[in-house]
Amino acid sequence: MATTIDGIDPHFEGRVLVVANRLPMSIKANENGEFEYSISSGGLVSGLKGLSKVVDFRWFGWPGIDVHRNDKDGVRRHLLNNFNAVPIFLNDEVAQMHYNGFSNSILWPLLHRMPDKAESVPNWSNAYQEVNETFADNIVPYVEDHDLIWVHDYHLLLLPGILRERLKKKKGLKIGFFLHTPFPTEDHFTILPFREEICRSLLLCDVIGFHTNQYAKDFLNSARIVLPGVARSPSDLHWEGRKVLVHGFPLGIEADEWRERLETETARKELLGFQQVFKDQKVLLGVDRLDYIKGVPQKLLAFDRFLTENPEWVGKVVLVQLAIPTRTDVTAYRKLREEVEMLVGRINGKHATVRHAPIHYLYRSVQPEQLAALYAVADACVISSVRDGLNLVSYEYAACQDQKKGVLLMSNYVGAAKILPPSSMVVMNPWDKPRFAGKIKEVLMMSEKEKEEKHAAVMKIVDNWTSAKWGKAFLEAMMTGQVPKILGNPDRDPAEEWAFDLSDSQIGDIVAESEADVKG
């Protein structure tokens, strides 16, 4: 069945097939052996939720559990009839080697320029190839002429090439790929396994999207080095007679949904409770998956330094750090949790009084209404990632700040820092502990007028560039071969923007100092 894409092309005759590693719902068996289905959370699910209001698409992905062969037909029918989704079943062992193994223990750290975090087991690469082939096996029977196939993220880097080879006879077929992480510079990309195969696969797409144009430029440079015969122009690549559009498409959120959530009875009660608990205190908020890219240790160390240098603030400011568990089966993540919890204990022990603990640490997920209330009560949101694709927490926080006009204190290594206007936030380098501590004081001392001006500047982007517009812009690029008007200017060069970026050697020195701090 063809879909109508509002505001793009009324003559479009195909369908939109969205492919991601996971389906947008969680599935689990209850005590009676029956399956229960619930919508998942996460950046991609949130982003495509907005798009689903204007585009009818079918979703393909792994259901997240190993389904017995006798149950597969029933699960498949239920997902197709109720969610327009097609499950791709994987053996549990293969799924784990693909996800926790190759994808998150090799690709994830290398894409974020952290080769020291990468692990390697030979069978992982075989599992990665097998899963990408299995996805193709399940998708190909559904594809018709003129369809748009939109593949998402690093778990499926080989899939576009496999699909293009298998679907050569389909007329008018368009394939797009969107990477939700940064793309490494060429020196880091050459470390990647399958780098030639990854480049070939992506160059068989019609459009390759990234959150910022800087990531797109990094890919353009890397592809030219890895594959012979690749020529580049400002926004596209030319290879073996193909033109591939490569560009930044920054993701957005539906800000009104967060405002509506904040107005619910549950959120109002939560907010009132937080206001009573933190009465007469400034609240700094951190909301991060407990991932080494998020810079949580750097945030804690900077807060420690701030309190040490400004003891008059003890008892007057609190850091609420929500650390959402993720990838707990991966060794690097278990070690990170140990490091963070040791730091929290040490800093609280150092600065606490009988009546006050400077850090409130929560290692768990919270309900959306409680999260909205946390956003609303905070005087500043501290985002200290050492590398981050975009980071929608910054947008969500701003959307819940209509009353308080809180401030974003944001790492210059976050994609959103390249999209939002410089005047809308306070920017810092998470590795530069003395200056980071100084920036904490700056946001706490900021005048009401300046906070209002910064909040207004943020909301010009957050309100106008929604997730639905992001999705429509990408699909329009697939249909037309041209980049539509993208909000803001994601082409700003971070090297020009932030004069205090540090070299790799300087970062190495600071990492060594931070490790010494952690050991106490």
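One definition before the first stop: a charge sits over a ring if NZ of Lys or CZ of Arg is within 6 Å of the ring centre and within 35 degrees of the ring normal. Bear in mind that this is a predicted model, where local features need pLDDT of at least 70, side-chain atom pairs count only at pLDDT 80 or more, and totals for chains, interfaces and linings use all residues. Residues are numbered from 1 along each chain as its sequence is written, and side-chain values use heavy atoms, with hydrogens and water left out.

Select R327 and W108: R327 lies over the face of W108, 4.2 Å from the ring centre. Then try K117, which lies over the face of Y292 at 5.4 Å from the ring centre.

Now for ring pairs. Rings of Phe, Tyr and Trp (its six-membered ring) pair if their centres lie within 6.5 Å; planes under 30 degrees apart are stacked, over 60 edge-to-face, and the rest tilted. That rule gives 21 aromatic pairs. Pick F183 and F210: this pair is edge-to-face, at 5.9 Å centre to centre with 80° between the planes.

How buried is F183? Its relative accessible area is 3%, and buried means under 20%, exposed over 50%, partly exposed in between (1.4 Å probe, protein chains only). F219 is buried at 0%.

Last stop: select W150, F178, F249, W470 and F474, a cluster linked by ring pairs.
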